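Biologist: Can you walk me through this one? I'd like to start with a single residue.

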Amino acid sequence: MAQWERLRQLPAVYTQQLHELYDRDALPMDVRHYLSAWIEKQDWKRAARDHNWAVVLFQVLLEHLDIQHSRFVQEESFLMQHNIRRYKQNFQRYLDEPWVLANTILWFLQKEKEILDKADLPEQVQFLCIEQQSMETSSQHDLERKMAGLRNDMQCMEHTMLCLEEQQDEFDFKYQTYKMEAVVDEAVKRERIKSFQTLINKLNECRKSTLCDLNKLLDRSEDLIFILLTKELTEWQRRQQKACIGAPDSVCLNQLESWFTCVAGCLFQLREFLNKLDELEGKLSYEGDPVKAQKPALRRRNDKLLKDLLKSSAVVETQPSMPQGKGPLVLRTNVQFSVKTRLLVKFPELNHSMKVNVSMDREAPQIKGYRRFNVLGTKTKALNMTESQSGGMVADFRHLTLKEQKSGGGGKGVSDISLSVTEELHIIYFDTVFEYKGFSVELQASSLPVVIISNSSQQQSAWATVLWFNMLSQNTKDVKYFANAPAAPWPQFGEMLSWQFLSATKRGLNDAQLEMIAHRLFGKQMNYDNCKVAWPKFSKENTPDTFWVWFDGILVMVKTYLEDLWRDGLIMGFVSKGKEKSLLKKKQRGTFLLRFSESVIGGITFSWVEITMTGEPDVKTVQPFTKTDLSQIPFHEIIRNFQIFETDNVPESPLLYLYPNTPRDEAFAKYYSEMSGDNSPYIKYIKTKLVFVSKENALDARSPMHSDMAQGEGLEPMKGLFGEAVEASGDHHPLNSPLAYHPDPMLSGPVAPQEEDLLLYLNNPNLFVDPDILQDEADFPLQGLNCLPIQSISNEPFCFGI
């Protein structure tokens with residue numbers, strides 16, 4: 001099958017690429033189509049380097065165009081006659097350099113081949129390629145086809161206007177000649193007048209047809225503008241909201257800019273067509289002239305469409321953000337922030353000519369105590385194409401600051417609505433004036449609502465506000481949103497939580513982890529899809545121990561100390577204690593897993609399974625490690641060096657297999673320090689911590705502590721590493737407080753602590769059982785083990801205690 005025929009039969013996604021390829025004047029698609037068989041048979045590669053052969057092909061090409069022109073004359077295809085004649089005139093510029101035309105045709109044929117090659121790829125591979133490169137939906141492909149259709153219609157209208165002008169010039173020339181001849185013969189005069197009437201009738205029909213075509217172009221433009229404003233732009237704005245809170249959504253504006261620019265360019269071209277009609281009407285008008293009757297309405301409609309499109313073309317491409325903030329949209333007074341605006345209608349002639357001005361809330365809402373702010377810094381910048389990597393028309397504000405006004409109290413008629421500082425929402429505005437080819441309109445863009453704080457301690461709460469608003473609200477002007485914030489459905493809420501980990505560590509939460517969090521919030525449910533989280537439960541109740549404080553504490557810890565382990569899937573993380581036990585009991589001795597503490601903010605712990613003398617599984621857990629520990633020693637080194645005394649005073653690591661069955665060193669070896677033992681760079685952490693042992697067994701640290709021992713009794717700090725007495729003023733840590741039971745603030749009601757043996761470990765002065773452990777019923781007794789610190793000066797057995 002001929003190449004051109006194969007191209008015409010391709011699916012829409014590829015024919016669109018073909019339309020874009022031939023959206024150039026170098027080789028019109030009409031010429032390619034009507035001369036396709038002849039073009040594909042010629043050796044254009046030879047012609048590109050052989051001058052004589054290029055001359056031959058050039059002459060034959062012109063002859064074929066003459067043949068096509070004669071054909072259209074016979075078919076009375078007026079428009080195609082005009083087009084072919086124009087194409088032939090354009091090709092005359094290659095008369096002295098025909099090899100340039102040969103090179104051009106060769107390039108087009110090669111590009112066609114590339115399109116066919118893409119279409120011939122296996123369907124799955126091609127789908128992935130398209131998804132990764134363009135991420136276009138079927139609706140976007142349809143929109144591209146409509147854009148291509150509009151551009152093609154505009155070209156046809158351009159030809160129509162030329163034909164109309166030629167037709168009117170023909171009439172004008174003949175009529176002026178007739179007047180100069182001063183014909184006296186009445187018969188001749190009547191014949192002439194009759195012919196002029198015929199010409200004017202044809203001209204009138206042509207004007208009507210042109211006006212009808214202009215109306216159709218405005219219909220197509222209006223349809224495209226409706227899609228752009230109500231669908232594409234709205235969806236981009238929603239994607240940007242979600243991206244601000246961690247969603248992996250694309251917020252690239254290049255495609256949207258291309259569409260906006262295309263439609264705006266067509267509307268400005270329509271204005272030029274209407275101006276041309278003005279000119280033609282000024283030269284020739286008559287009774288019942290359709291141009292005089294219809295043109296004003298067409299102009300009003302065109303200008304309204306252009307105004308609607310342009311008013312929506314000013315957007316905030318990069319939302320306000322501080323360099324060291326938790327995320328965008330949280331700003332702090334007297335701290336610099338940056339923000340970037342963009343004009344989606346990209347006309348190079350406007351580069352550096354449009355000034356953008358920044359301002360804050362125009363009218364304060366009726367909220368009690370609502371603060372007002374002034375914007376300081378360089379508040380005016382010109383839209384330009386040099387500050388954008390993609391070449392877009394942008395104004396990049398990089399050094400703005402906010403200062404609170406002395407007088408405040410909200411706007412006129414202040415209501416009783418009162419919001420906390422971190423629930424106040426503010427909007428930043430960007431104003432400019434678009435002036436182009438005699439058309440002027442004021443434009444305004446606005447940021448998403450920002451939260452303004454004055455102290456870094458407010459960042460966590462402010463970010464919770466940003467998360468909640470952009471997760472649920474699509475009304476980006478609603479600054480009173482938190483006067484009555486709605487609850488969040490669990491599916492949306494869980495997705496938002498996963499985004500936090502995904503954006504911070506490149507690994508989100510899986511279904512099992514999300515289920516554990518849902519269980520924590522709602523209790524055991526068959527299905528959580530209909531459950532909802534209230535705003536106060538997320539970030540206001542029981543301050544400071546809200547759900548968000550707990551979750552964010554884990555997130556910060558993972559991002560700061562555990563990112564690699566989390567990204568590689570080594571941390572199970574969000575798993576309840578009951579689930580943890582049920583998982584480990586089924587595994588071989590030494591199987592362990594890593595989970596986040598449910599009661600210690602920003603804590604991580606590990607549990608492992610041992611087999612008792614009776615053959616029963618025995619799950620043991622250590623107190624959570626926090627940033628106090630992790631800032632001194634990496635967590636993987638804790639896992640590597642953790643040991644307890646087993647039979648015959650031999651220190652062994654109880655951590656053998658990372659759940660479900662990966663050997664510990666296979667899982668963590670790539671993170672280990674090259675030096676170990678006394679040469680370990682973290683040995684100071686291990687040596688300088690205290691260990692608590694039973695008073696009655698102070699000299700026998702291997703003695704077990706019985707589970708019925710009262711909390712805080714019978715324990716005392718050991719002597720220091722080399723036997724020196726511990727200074728009471730500095731290193732003595734009373735156990736009454738650490739061992740006291742603290743209920744989990746996230747639980748709905750009090751939970752009584754249950755008796756359970758304690759596993760003692762080194763490297764933390766506040767030795768006590770993780771309150772997490774006490775919240776589950778103990779279905780088998782745990783015997784705690786006391787460990788000695790590493791003693792490099794002794795030959796006695798030792799353990800790396802954690």
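Biologist: Where is histidine 82 placed?

Modeller: Histidine 82 is in helix H7 (residues 78–91). Helices here are DSSP runs of H or I of at least four residues, strands are E runs of at least two, and both are numbered from the N terminus. This is a predicted model: local features need pLDDT of at least 70, side-chain atom pairs count only at pLDDT 80 or more, and totals for chains, interfaces and linings use all residues. Residues are numbered from 1 along each chain as its sequence is written, and side-chain values use heavy atoms, with hydrogens and water left out.

Biologist: Why does histidine 82 count as buried?

Modeller: Because its relative accessibility is 7%. Buried means under 20% relative accessible area, exposed over 50%, partly exposed in between (1.4 Å probe, protein chains only).

Biologist: And what is histidine 82 in contact with, leaving aside neighbours within four places in sequence?

Modeller: His159, Leu162, Cys163 and Glu166. Contact means heavy atoms within 4.5 Å.

Biologist: New topic. Which way do the side chains point along strand S4?

Modeller: They alternate along S4 (residues 355–359). Val356 and Val358 point to one face and are buried.

Biologist: How many bridges join S4 to S6?

Modeller: Three, and the two strands run antiparallel. Valine 356 stands opposite lysine 381 in S6.

Biologist: What about S8, which residue there is the bridge partner of serine 359?

Modeller: Tyrosine 429. Three bridges join S4 to S8 (residues 429–436), also running antiparallel. Strands pair if DSSP finds at least two bridges between them.
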